[in-house]
Amino acid sequence: MTKINSSPIDNSAIPFKSATTKIITPWAVTLIGLVGMYFPTFRDLLNGLWAGDQQGHGPIVLAVSIWLLWKKTPQVIDASLRPAFAAGWGLLFLGLSLYIIGRSQDILLFEVGSLIFVIASITLILRGTEALKHLWFPLVFMVFMIPLPGVFVDAMTQPMKTAVSYAVESALYAVGYPISRSGVILQIGQYQLLVADACAGLNTLFTLEALGLLYLNLVKHESVARNIILAICIVPISFAANIIRVIALTLITYHLGDEAGQGFLHGFAGMVLFMAALLLIILFDGFLRIILARKS
Amino acid sequence: MTRELTSAVTLCAIMLLSGFSANQIKPTNFMADTRGGIKISSIIPENFGAWKKNGLIYWGGQSTTAAIAR
């Protein structure tokens, strides 16, 4: 009589190479499909919208998202294997529908946004809900690479530009500069400056919000209150950074001339914006740490 | 393993097919240039929802021909 071994399979007995192949193969096969599907989308974006000033943050957000997803690979692999087929296939249907409508009808919001649903559905089908929970931040972060609809951007940008222009005029007038304003046009000395969309737009705010959330994710505060307060305060911080940028450009033009203001220093002011925002976020975070430590 | 691989192959096939289909019906795509492509807004007739009665075209409850005649 043959003895049947009814004990569970000892995973440690499976050679390492075989176990790795077992886990990686399904993901690699799915990745082929994902890359094949989205390659034309990102090729078009890199040759079009992402090459401009307005959506220049797109490729950076994509690269950071891929890095964040890669960083979470061990946790996804270690998560229990409980595929959620119903939710997964349902979400995939939604994602693919959005992709097909978006791609065929040139609706970038749907086309790029569908990637989040597709990745979430793949994770649900291949691994399960626990694995998806590990990926929440990279997936949320991907929202920042979705191009916003022009109508929405225009509607939001105009009041922001006016507010930035007003703040710059008030600040420089208070310290004695000969400045006046008409709408979003600043007149300083002999120079007339137009506060453009890129200077105070919603896209900049979007980029800075992404930067702030990435900072929060990297520093990993345990205090929920600290995370929430900081995430909310990124909006006024971004606005303040925009004001600093426009002030810098106005002063460069006033003191060094029109060429300096529109040349290399114009691009450098963009860097100033991001450095100022990051510095303000870190300073505010430090301030919050002191306040919350005192309270506790 | 077999179940996971089956899911993965199915996912891969569905995604590639979706990508191919979307690109085929995309009007601006280089592959569709010679075939025209499909733009939903262009395949909807100009007077979508209109109906004919006694030789007149009605749209939105009013005869467009009658409106022109007036």
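## Salt bridges, stop by stop

Start by selecting A:Arg43, which counts as partly exposed at 31% relative accessibility. Partly exposed lies between buried, under 20% relative accessible area, and exposed, over 50% (1.4 Å probe, protein chains only).

The model is predicted, so local features need pLDDT of at least 70 and side-chain atom pairs count only at pLDDT 80 or more, while totals for chains, interfaces and linings use all residues. Residues are numbered from 1 along each chain as its sequence is written, chains are lettered from A and ligands numbered from 1 in the order in which they are written, and side-chain values use heavy atoms, leaving out hydrogens and water.

Next, select A:Arg103 and A:Glu111. Their closest N and O atoms are 3.0 Å apart, forming a salt bridge, and both residues are buried. Now show A:Arg43, A:Asp44, A:Arg103 and A:Glu111 together: a network of salt bridges links them.

Move on to A:Glu169 and A:Arg181, whose side chains form a salt bridge at 3.1 Å, N to O. This pair links distant parts of the chain, twelve residues apart: A:Glu169 is in helix α8 (residues 150–174) and A:Arg181 in strand β1 (residues 179–182), both of chain A. Helices (H or I, at least four residues) and strands (E, at least two) are DSSP runs numbered from the N terminus. A:Glu169 is buried at 18% relative accessible area, whereas A:Arg181 is partly exposed at 29%.

Over all chains, the whole structure has five salt bridges.

How values were computed. A salt bridge is a side-chain nitrogen of Lys or Arg within 4 Å of a carboxyl oxygen of Asp or Glu.
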